[in-house]
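Work through the exercises below with the structure in view, trying each task before reading its solution.

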Amino acid sequence: MTLATALFLLVLFVITLTVAAYSTYAERKVAAFLQDRIGPDRAGPFGILQPLADGTKMFMKEDFIPAAANRRLFTLGPAIAMVTALMTGVVIPWGGELTLFGETFKLQGTDPEIGILYVFAIVSIGVYGIMLGGWASNNKYALLGSVRAASQMVSYELGLGLSIVALVMLNGTLSLGGIVEHQAANGWNILYQPLGFLIFLVCAFAETNRSPFDMPECETELVGGYHTEFSSMKLGFFLFAEYTNMFISSAVISTLYFGGYHVPGLDRLGLDPNLTTLIGTAALFAKTFFFIFFFMWVRWSTPRFRFDQLMNLGWKGLIPLGIANVLITGTVYHLVELWKG
Amino acid sequence: MAALFYILAALSVISALTVVGARNPVTSVIALVVCFLSIAAHYVLLNAQFLAMVHVIVYTGAIMVLFLFVIMLLNLNKPDGPRKSLAMRLAAAVAGGLLFITLAAAVRQGVQIPPAAGFDPGVGLVRSVGHVLFTEFLLPFEVSSVLFLSAIVGVVMLAKKDKDGTDQATDITEAERARRAA
């Protein structure tokens with residue numbers, strides 16, 4: 001690993017944490033806006049220092065471990081949740097190429113051939129954080145929350161996978177960099193895969209435990225769900241992991257279906273290549289922030305599902321739709337190939 | 001690279017032993033997860049990234065989550081493995097020791113495992129895996145998918161209820177279930 005990559009990963013790490021921290025602020029502001037309130041406005045101008053105040057509060061609180069809890073797993077749970085949330089950003093292409101001091105740098109940690117599968121693998125490990133944390137608490141509400149999380153994650157991974165199969169068939173590559181380049185050449189995937197995008201979006205809500213699928217921490221019936229017994233920064237890590245996941249899934253949605261860092265027509269302007277890259281990165285962040293806002297918008301305007309409804313939607317709604325989408329995509333793709341000759 | 005291999009190999013062996021040795025089932029499951037992850041890392045060392053990721057998604061991400069799920073639901077967190085009698089333990093130690101001696105002797109005799117002729121670094125790429133799967137191993141691939149299909153149909157048959165609410169698997173009617181619950 002070169003020094004440049006290490007530096008890039010460090011910057012990515014800081015940006016991810018900053019975005020996650022300010023997502024908590026944005027969440028409260030969006031909630032306030034949707035409910036016709038003002039929201040946090042005490043810490044700094046417009047309450048802009050609120051995340052710092054929240055973070056300090058989290059660190060200062062007593063770190064309490066219940067007597068009946070399994071101490072090692074109780075600590076391991078939030079750690080797994082946080083680490084896996086931070087690991088996925090590495091394979092996302094955050095921009096094109098920058099030329100500095102006569103050398104070319106790619107704005108991507110690494111571009112493995114199986115980039116999208118890597119994202120899946122890490123997401124599927126992430127559920128252990130919630131499961132182990134909830135189980136180790138030795139509390140029935142926490143246990144119910146983690147059991148819900150496990151069944152929900154496993155069920156919706158299938159729909160997520162099926163929507164990706166159609167996408168990969170169309171793009172002919174599993175690498176995220178390759179998918180963005182394919183979209184730059186052939187138009188964004190949302191034009192060809194509107195149904196796949198819908199399935200992916202719904203599954204992304206379920207995988208990040210966001211409302212209306214936030215059954216694992218459903219406070220009306222489970223107190224706090226899997227993190228009932230957690231306090232101080234251990235709770236902070238669980239909450240932070242949720243916002244990090246939201247940021248990363250928004251970036252993945254933008255990359256897979258909305259052209260990533262590609263801006264239509266930007267290449268024709270004949271700008272300086274470095275400037276083009278920076279505009280592309282800004283465009284990716286704009287798309288990502290829109291989806292973060294969308295996540296919040298949905299949370300504050302839809303009621304929560306019941307658990308059997310959630311399972312019905314996953315198994316009887318999204319999976320058959322996903323299979324149909326794969327079949328239709330395959331058929332149309334081959335008909336077009338035949339027609340082209 | 002060699003150092004990395006030895007660290008990973010040690011991790012695989014230690015975690016595999018922990019799976020068998022641990023008294024707490026949750027510890028066993030976590031050790032098995034670590035074991036699967038280290039095996040995936042071995043695949044990456046062999047440049048088989050596709051296999052590594054599929055291994056993590058299927059085994060670590062799905063099957064082990066179900067294991068953990070069942071253990072949590074059955075609440076098996078008491079470390080109460082069945083205690084074996086002294087004779088049983090003695091017999092196991094002797095049998096295991098003999099097997100170990102045989103294996104150690106075989107290795108000492110200098111069994112040379114020849115390296116697979118000319119390792120091709122491209123063998124684990126998605127393209128080559130897909131090519132082999134759909135040409136050389138097409139029949140086993142399709143047969144295993146039929147096997148999965150029959151498993152799915154079987155599960156649906158077992159879990160399905162009749163129109164009057166009778167459970168297909170146990171022939172218990174809705175009324176009977178209500179009576180038992182009461």
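Two strands pair if DSSP finds at least two bridges between them, where helices (H or I, at least four residues) and strands (E, at least two) are DSSP runs numbered from the N terminus. This is a predicted model, in which local features need pLDDT of at least 70 and side-chain atom pairs count only at pLDDT 80 or more, while totals for chains, interfaces and linings use all residues. Residues are numbered from 1 along each chain as its sequence is written, and chains are lettered from A and ligands numbered from 1 in the order in which they are written.

**Exercise 1.** Describe how strands β1 and β2 of chain A pair.

Solution. Begin with the ranges: β1 covers residues 97-100 of chain A and β2 covers residues 103-106, and the two pair in the antiparallel sense over 4 bridges. Next, look across the pair, where A:Thr99 stands opposite A:Thr104 in β2(A). Finally, turn to the hairpin, which has 2 residues between the strands and in which A:Phe101 takes a positive phi near 50°.

**Exercise 2.** Check the span of helix α1 (residues 3-34) of chain A, and find what its buried residues pack against.

Solution. The expected span of a helix is 1.5 Å times one less than its number of residues, so the 32 residues of α1(A) should span 46 Å, and the 45 Å between its end C-alpha atoms agrees. A residue is buried if 20 or more other C-beta atoms lie within 10 Å of its own, exposed if 12 or fewer, and partly exposed in between, with C-beta atoms placed from the backbone. By that rule A:Val19, A:Ala20, A:Ser23, A:Tyr25 and A:Lys29 are buried in α1(A). The buried residues of this helix pack against α2 (50-60), α9 (232-257) and α10 (273-299) of chain A. Just after α1(A), A:Asp36 takes a positive phi of about 60°.

**Exercise 3.** Is A:Val223 buried, partly exposed or exposed?

Solution. Locate A:Val223 in the loop between α8 (219-222) and α9 of chain A. Because 17 other C-beta atoms lie within 10 Å, A:Val223 is partly exposed. Two residues are in contact if their C-beta atoms, placed from the backbone, lie within 7 Å; not counting residues up to four places away in sequence, A:Val223 touches A:Tyr141 and A:Thr228. The C-alpha atoms of A:Val223 and A:Tyr141, 82 residues apart along the chain, are separated by 6.9 Å.

**Exercise 4.** Which residues do the two chains bring to their contact?

Solution. Count each side: 19 residues come from chain A and 17 residues from chain B. On the side of chain B, helix α3 (residues 49-74) supplies the largest share, 15 residues. An example from chain A is A:Ala121, which, leaving aside its neighbours within four places in sequence, is in contact with B:Met53, B:Val56, B:Ile57 and B:Gly61. As for confidence, the predictor gives the complex an ipTM of 0.82 and a pTM of 0.84.
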